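Visitor: I would like to learn how to read a few features of a protein model. Could we go through them one at a time?

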Amino acid sequence: MGIIRTEKLGYDYVRYSEDESEKSYVHAIKEIDIDIARGSFVGILGHNGSGKSTLARHINALLLPTRGTIWIDGEDTAKEPQIWKIRQKAGMVFQNPDNQIIGTTVEEDVGFGPENLGVKREEIWERVEKSLMSVGMLKMRTLSPNRLSGG
Ligand SMILES: Nc1ncnc2c1ncn2[C@@H]1O[C@H](COP(=O)(O)OP(=O)(O)OP(=O)(O)O)[C@@H](O)[C@H]1O
Ligand SMILES: [Mg+2]
């Protein structure tokens, strides 16, 4: 089984009219069957509103299927106790980088992820240093992330 697998995955958003008297459903994705192998790089293309983000939100259990099933490394995301395990494996990078800056310095920002995974303090610093070094950003560790160039 692949790292990401779905079977007849479907999701309906519920939409209410302005006065909340009427309820309708948006069938954002339906009957999706995919099986993505560990280590592969996959791009998903589609026109605006075709359901790409909706599918992505199922991968780290931000949304749970209204029909069908999605397994991340064999774990069914709809089974509540698995969410912590799933979120340690499946991350999400949002479209606008400015919306996901958390730290006041570059190193704090890079350390935010492992800190949330419960990694020990010394290891967080090791990982931060290694990560910044690998992208040639060690010199910027104490700068404000807001002051870096977009790239
Ligand atoms: N929170 C929401 N409530 C109701 N309908 C929604 C919601 N979010 C998305 N939709 C609808 O679900 C469908 C799929 O939207 P989705 O955002 O997954 O598409 P997308 O492929 O990511 O689009 P884009 O290319 O614009 O990012 C669209 O019809 C959209 O209007
Ligand atoms: Mg989208």
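**Reading the model**

Guide: Just after H4, Gly136 takes a positive phi of about 65 degrees. Bear in mind that this is a predicted model.

Visitor: Which residue just after H1 takes a positive phi?

Guide: That residue is Ala61, with a phi of about 60 degrees. Most residues other than glycine have a negative phi. Ala61 has its positive value although it is not a glycine. Ala61 is found in the loop between H1 and E4, and it counts as buried because its relative accessible area is 4%, with the cut-off for buried at under 20%.

Visitor: What phi does Lys8 have?

Guide: Lys8 has a positive phi of about 45 degrees, and it is not a glycine either. Its place is in strand E1. With a relative accessible area of 48%, Lys8 is partly exposed.

Visitor: Now helices. How far apart are the end C-alpha atoms of helix H4, and what should its residues span?

Guide: Helix H4 covers residues 121–134, and its 14 residues should span 20 Å at 1.5 Å a residue. The expected span is 1.5 Å times one less than the number of residues. The end C-alpha atoms of H4 are 20 Å apart, so the two values agree.

Visitor: Which residues of H4 are buried?

Guide: Ile124, Val128 and Leu132 are buried in H4. They cover an arc of only 55 degrees around the axis, so they sit on the same side of H4. The face turned away from that buried side carries the exposed residues Glu122, Glu126, Lys130, Met133 and Ser134.

Visitor: What do the buried residues of H4 pack against?

Guide: They pack against helix H3, residues 106–116.

Visitor: And which residues of H1 are buried?

Guide: In H1, the buried residues are Thr54, Leu55, His58 and Ile59. They cover an arc of only 150 degrees around the axis, which puts them on the same side of H1.

Visitor: Next, the nonpolar cores. Which residues of the largest core touch the most other members?

Guide: A core is read as a set of buried nonpolar residues joined through side-chain atoms within 4.5 Å. The largest one has 13 residues, of which Ile4, Leu9, Ile29, Ile59, Ile70 and Ile72 touch the most other members. Strand E1 (4–16), strand E2 (23–32), H1 and strand E4 (67–72) each supply at least two residues of this core. E1 gives the largest share, 3 residues. A second, separate core has 5 residues, including Val106, Ile124, Val128 and Leu132.

Visitor: What does Ile4 touch?

Guide: Not counting residues up to four places away in sequence, Ile4 touches Ile34, Asp35, Ile36, Ile59, Ile70, Trp71 and Ile72.

Visitor: Which residues are around ligand 1?

Guide: They are Tyr13, Arg15, Val26, Ala28, His47, Asn48, Gly49, Ser50, Gly51, Lys52, Ser53 and Thr54. For polar pairs, look at which atom of the residue is involved. With Gly51, a backbone N or O atom lies 3.0 Å from an oxygen atom of the ligand. With Lys52, a polar side-chain atom lies 2.7 Å from a ligand oxygen atom. With Thr54, an N or O atom in the side chain is 2.5 Å from an oxygen atom of ligand 1.

Visitor: Is Thr54 buried or exposed?

Guide: Thr54 counts as buried because its relative accessibility is 6%. It is found in helix H1, residues 52–59. Leaving aside neighbours within four places in sequence, Thr54 is in contact with Tyr11, Tyr13, Ala28, Ile29 and Leu63.

Visitor: Last, the loop between H2 and H3. Is Ala90 buried or exposed there?

Guide: Ala90 is found in that loop and is buried, with a relative accessible area of 9%. Leaving aside neighbours within four places in sequence, Ala90 is in contact with Ile59 and Asn60. The C-alpha atoms of Ala90 and Ile59 are separated by 6.5 Å, although the two residues are 31 residues apart along the chain.

Visitor: And is Gly91 buried or exposed?

Guide: Gly91 lies in the loop between H2 and H3 and is exposed, with a relative accessible area of 68%. Its C-alpha atom is separated by 9.7 Å from that of Ala56, 35 residues apart along the chain.

How values were computed: Residues are numbered from 1 along each chain as its sequence is written. Chains are lettered from A and ligands numbered from 1 in the order in which they are written. This is a predicted model: local features need pLDDT of at least 70, side-chain atom pairs count only at pLDDT 80 or more; totals for chains, interfaces and linings use all residues. Side-chain values use heavy atoms; hydrogens and water are left out. Helices (H or I, at least four residues) and strands (E, at least two) are DSSP runs, numbered from the N terminus. Buried means under 20% relative accessible area, exposed over 50%, partly exposed in between (1.4 Å probe, protein chains only). Contact means heavy atoms within 4.5 Å. The arc is that of the directions from the helix axis to the C-beta atoms. A residue is near a molecule or strand if one of its heavy atoms lies within 4 Å of it. A polar contact is a pair of N or O atoms within 3.5 Å; within protein, one must be able to donate a hydrogen and the other to accept it, and residues adjacent in sequence count only if both atoms are side-chain atoms.
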